[in-house]
Structures are given as structure tokens and as C-alpha cells.
Amino acid sequence: MSSKRAETLFAQYQHDIHVRTDRLFSGLMALQWIAGIVFAVWVSPLAWYGAYSRTHIHVWAAVFLGGAICLFPAALGVLRPGRPSTRYTIAVGQMLVGALLIHLTGGRLETHFHVFGSLAFLAFYRDWRVLIPATIVVALDHMLRGIFWPQSVYGVLVASHWRWVEHAAWVVFEDIFLIVSCRRSLAEMKNTADRTAALEQEIQTRHQAEQALAGLVDQLRIAQRQAESATRAKSDFLASMSHELRTPLNAIILYSELLQEEDADAPRGQTIRALQRITSSGKHLLELINGVLDLSKIEAGKMTLSLDHFDISGMIRQVVDTVGPLVHQHQNTLSLSCPDHIGTMYADSMKTGQILLNLLGNAAKFTRNGTIALEVAYEGSGPFAAVLFTVSDTGIGMTPEQVSKIFEPFTQADVRTPRKYGGTGLGLTIASRYAKLMGGSLSVESRPGAGSRFTLRLPAEVIETVEEKVVVKIA
């Protein structure tokens with residue numbers, strides 16, 4: 001990752017240098033064009049014709065030929081900066097400008113230094129390959145003009161055909177030093193890019209570590225809030241359970257003392273009623289204790305299933321017979337929809353019946369002068385077949401907030417519910433956990449004042465315990 005970033009930075013550094021140098025040469029080309037015209041007007045006539053100055057054809061050469069040489073590279077430097085073709089064109093154009101200036105001055109030795117200065121300027125690109133076309137142009141210019149027009153390049157009428165080799169050798173000599181300088185400069189740029197990339201990587205690593213630490217702190221805070229919330233919920237639950245446990249126990253103790261204090265000739269009917277109340281309180285206490293123990297076993301992962309084949313309609317009849325008195329207690333009507341030949345299922349019959357008893361009892365508790373319905377149906381076929389048990393009522397219903405908490409352990413949908421309707425809030429939690437243990441689900445749809453609809457979905461063939469999934473729908 002760091003090496004790729006270093007390569008990207010190095011390429012960006014090179015591109016920036018190429019763009020700046022292209023634009024530098026764009027301005028330099030314009031200045032050289034103007035300088036060529038000045039040379040043609042004031043210097044060329046004196047250099048070529050002695051002491052008399054007059055307008056010469058070199059003026060037009062400087063204007064038009066110089067413009068042709070300078071304007072195209074200058075335009076590329078403005079319109080297409082940073083491209084290899086632009087800097088190679090500028091290198092050729094710069095050497096041609098030098099050749100024009102040497103010609104306009106009549107081959108003066110001083111003007112030849114323009115070539116060496118141009119090479120130094122081209123080294124600003126830090127690309128030694130740019131020096132190659134420049135050197136070739138200089139060598140060809142001196143060779144051809146030295147053969148056909150030596151006065152325009154050397155200032156003499158006759159010159160050796162090999163004099164251009166000497167000039168080219170000096171140019172190559174300078175190229176060697178400039179190439180070494182370019183390579184060293186590139187190496188420094190590469191080191192800078194490597195250091196910058198490593199620094200960025202270190203900063204990014206620190207930032208990620210800080211983010212991870214911040215995320216961990218946030219998670220710890222969330223876990224702390226959840227723990228505090230669970231602690232408060234358990235405290236509220238234990239407070240409620242304490243009252244629920246003490247009430248039947250106090251009733252048992254009270255009625256037991258009354259029985260002991262009764263006279264021997266007390267009416268038998270009163271004794272029977274007292275014993276019935278003791279029995280009712282004892283059953284209620286046993287229900288509370290069983291609920292707490294069952295939930296503890298489920299939470300500890302020690303609850304086991306007793307799987308067997310059983311007749312669905314037979315199990316439903318037993319459930320209806322058991323819950324019937326509770327349903328009719330508040331003048332409710334129980335409606336049953338279960339095909340007689342619905343068949344069998346392979347599951348824990350006791351826990352399935354307990355879930356249905358809990359759902360029907362819960363519906364009876366919150367419904368007055370209404371209707372409670374139980375519907376049983378098969379869904380699907382083959383290994384994906386399931387049995388749907390739907391319990392609906394016309395009771396008080398629930399708000400979306402209450403629905404969201406109804407299956408949570410140690411939580412009541414409404415803190416006023418136990419006082420008004422009784423119960424501990426463990427029944428639906430245990431029912432939901434039993435459904436999940438058998439690979440099924442328990443969901444609810446409810447609206448305030450419009451009743452509730454619980455749907456228990458169990459596989460027709462329970463195989464093993466699966467991960468818990470609760471589906472909650474709010475109508």
C-alpha cells in the first residue's frame with residue numbers, strides 16, 4: 001500500500017514539474033521571438049554588412065521563421081502542459097531558436113552560449129531524455145550549415161567539415177553532467193515520495209487506531225448502558241416478583257392459621273372454601289416458581305426437548321378443555337378451527353401445549369365479553385412443512401412500544417399490567433423461547449383497542465435446536 005502511494009506521489013511530482021517547466025518555456029519562447037526580431041533589426045545588418053545598418057531580409061526571417069519556431073511550442077506549453085510530446089517539441093524548438101539567433105548574429109561565438117544555456121534550462125524538466133532530441137538538433141544544425149553555409153554558424157566563409165564534431169562534443173560533455181544531475185534529482189524526488197507515503201501511512205494507521213479505540217469506547221459505553229438497563233429491569237422484575245411471591249404465601253399462611261383457630265363445630269362449607277383458596281394460592285405460587293426456573297434453564301442453555309410423534313387434533317382438544325373455564329370466566333367465547341384429520345407432527349408435545357395454553361390464557365386475561373379464536377393449519381409440504389397455530393382475541397390490544405418489549409425477559413409491556421390483570425410477564429417470554437428451541441417462531445400483530453393476534457409456527461418435523469429468531473409485526 002505504501003509503495004503504491006509512493007509511486008503515485010512520485011508520478012505527481014514529476015507531472016507538476018513538467019507542467020511548470022512547459023509554462024516557463026511558453027513565456028521564454030515569446031521572449032526569444034522578440035529578442036530575435038531585435039537582433040535582426042539592430043545586430044544582423046551590422047554583423048553581415050559592416051558599419052551600415054539597414055532593413056535586411058533577416059528581419060523578416062526573425063519575424064516569420066522565429067514565429068513559426070516559437071509559437072507552436074509555446075501554444076503546446078499552454079494548451080497541453082505535462083505531456084511528453086510537449087516537452088520534446090519544446091526541446092526541438094528551443095534548439096532551433098538558438099540556431100536562428102546564431103544565424104542572425106552572423107555566427108558570433110557569444111551567441112553559441114545560448115545553446116548551452118538552453119540545455120541547462122531543459123534540465124529543469126529533470127527528464128534526461130529531453131536532452132537527446134535537443135542534442136541531435138544542435139549537431140545536425142552545425143553539420144549541415146557548416147557544410148553549406150559556414151558563415152551563418154561559424155562567422156567565416158570557409159570552415160572544416162568536421163568542425164561540427166567539436167561543437168557537438170562540447171554539447172555532449174555538458175549533457176553528461178546534466179544527465180547525472182537529473183538522475184540525482186529524480187532519486188531525491190523518489191526518496192521524498194517514499195518518506196511522504198510512509199508518513200501518510202503512519203498518520204492513517206494512527207487515525208484508524210484512534211477510530212478503533214473510539215469505536216471500542218462507544219461499544220463499552222453501549223454495553224455499560226445495556227448492563228445498567230438490564231440491572232434496572234431485573235430489579236423491577238424482582239420487586240414485582242417479590243410481591244407476587246409474597247401474596248400467595250401470605251394467603252396460605254393466613255388461611256392455615258384461620259383453619260387452626262376455627263372451632264370444631266364450624267360449618268364445613270367455610271372450611272372447604274378456605275382450603276380451595278389455599279389450593280389456588282399454592283398453584284399460583286407453583287406457577288411463578290416454575291416460570292422462573294424454566295426461564296433460568298433456558299437462559300443457561302440446559303433446557304432439553306422431548307420429541308415424539310403426537311396427534312395434533314388430540315393435543316388441541318386437551319388444551320381447549322384445560323383453558324375453557326378460564327376463557328369463560330370473563331364471559332368470553334372460544335372459537336376453534338382445526339381439521340379433524342390434520343395429522344401428526346414430530347415435536348415436544350408438552351411444550352407445544354404449554355405455549356398454546358399460555359397464549360389462550362393470556363388472551364382470556366385481557367379480553368372481556370369478547371371472542372378468542374384458535375386456528376390450526378398446515379403450511380407447505382415435505383421437509384419444509386410447518387404447522388401454524390394462530391390465537392387471536394378482541395381484547396385491549398397493545399401499542400407498538402409494548403409489542404416491541406413483549407417477548408423480552410424481565411420486562412413488562414406495561415408496569416400497571418400485573419396490578420390490574422395479574423401475572424409476571426414471563427409467560428410470553430418462555431413461550432417464545434420454547435418456540436425457538438423447536439426451530440419455530442412466535443410473532444404478534446396488535447393495535448390498541450383492536451385485540452391481538454399471535455402466530456406460532458413450528459416445523460412439522462422438529463430436527464434440532466436452531467438459533468433464536470423472533471418475528472414481530474405491528475399492524
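The model is predicted, so local features need pLDDT of at least 70 and side-chain atom pairs count only at pLDDT 80 or more, while totals for chains, interfaces and linings use all residues. Residues are numbered from 1 along each chain as its sequence is written, and side-chain values use heavy atoms, with hydrogens and water left out.

**Stop 1: the sheet.** Select the five strands of an open sheet with mixed pairing, ordered E2-E4-E5-E7-E6. At its edges are strand E2 (333-337) and strand E6 (441-446), each pairing on one side only. Neighbouring strands are turned by 15° against each other on average, direction ignored. Strands (E, at least two residues) and helices (H or I, at least four) are DSSP runs, numbered from the N terminus; two strands pair if DSSP finds at least two bridges between them.

**Stop 2: strand E5.** Now pick residues 386-393, strand E5, where seven of the eight residues are buried. Buried means under 20% relative accessible area, exposed over 50%, and partly exposed in between (1.4 Å probe, protein chains only). Strand E4 (residues 371-379) runs antiparallel to E5, joined by eight bridges. Show Tyr378 opposite Val387, then Ile372 with its bridge partner Asp393. The hairpin of E4 and E5 has six residues between the strands, and Gly380 takes a positive phi near 75° there. E5 also pairs with strand E7 (residues 452-459), antiparallel over seven bridges; look for Ala386 and its partner Pro459.

**Stop 3: helices on the sheet.** Helix H13 (residues 427-437) touches E6 and E7, at about 135° to the direction of E6. Contact means heavy atoms within 4.5 Å; axes are lines fitted to C-alpha atoms, for helices over the stretch in contact, with angles from 0 to 180 degrees between N-to-C directions.

**Stop 4: two loop residues.** Most residues other than glycine have a negative phi. Asn369, in the loop between helix H10 (349-365) and E4, has a positive phi of about 55° and counts as exposed because its relative accessibility is 59%. Arg126 sits in the loop between helix H4 (109-122) and helix H5 (131-148); its phi is near 60°, and it counts as partly exposed because its relative accessibility is 31%.

**Last stop: helix H5.** Select Phe148 in H5, which counts as exposed because its relative accessibility is 68%.
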